[in-house]
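I'm jotting down what I looked up, one entry at a time.

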Amino acid sequence: MDVVTGTRKARKTHACEVCYHRIQPGEMYRRTITFDGEVFNWKNCLPCDDPISQAMDDGYDDCGTISADSVRKWAHEHMGLYDAANALNHRLREHHAND
């Protein structure tokens, strides 16, 4: 599996895979492209970097990759234990309140 990741400046609106935040033009975000027989394109807002890293460190990954559902599950299970989990849960509540 090949993985290319980097921080980019948005030229158009994107949605964060993890918290659904609307990444606006001009805003910085993380883009990860994975090649494993298929091309998988992942975009997340920079505040979701910490919960993603911590979820991977806590074993919520699958051989070096992680799903948005796994990060959200990690945040739910670690609410009150980690600032990154609390912040992600707050962003998710805000998103659902605005739907």
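Predicted model: local features only at pLDDT ≥ 70, side-chain atom pairs only at ≥ 80, totals over all residues.

Entry one, strand S4. I started with Phe35, which sits in strand S4, residues 28-35. Phe35 comes out at 35% relative accessibility, so I put it down as partly exposed.

Next I went to Arg72, which belongs to helix H2, residues 68-77. Is this arginine, Arg72, buried or exposed? I get 17% relative accessibility, and because the cut-off for buried is under 20%, Arg72 counts as buried. I listed what it touches, skipping neighbours within four places in sequence: Arg72 contacts Glu17, Val18 and Tyr20, plus Leu88 and Leu92.

I checked the length of H3, residues 83-98: 16 residues at 1.5 Å each should span 22 Å, and the end C-alpha atoms are 23 Å apart, so the two agree. Then I asked myself which residues of H3 are buried. My list reads Ala84, Ala85, Leu88, Asn89, Arg91 and Leu92. Looking down the axis of H3, I see these buried residues fall within an arc of 160 degrees, so they line one face of the helix. That buried set packs against helix H1 (49-57) and H2. On the other side of H3, I noted Asp83, Ala97 and Asn98 as exposed.

Methods: Residues numbered from 1 in each chain as written. Heavy atoms only, no water. Helix = DSSP H or I, 4+ residues; strand = E, 2+ residues; numbered from the N terminus. Buried < 20%, exposed > 50% of the residue type's maximum accessible area, 1.4 Å probe, protein only. Contact = heavy atoms within 4.5 Å. Expected span 1.5 Å × (residues − 1). Arc of directions from axis to C-beta.
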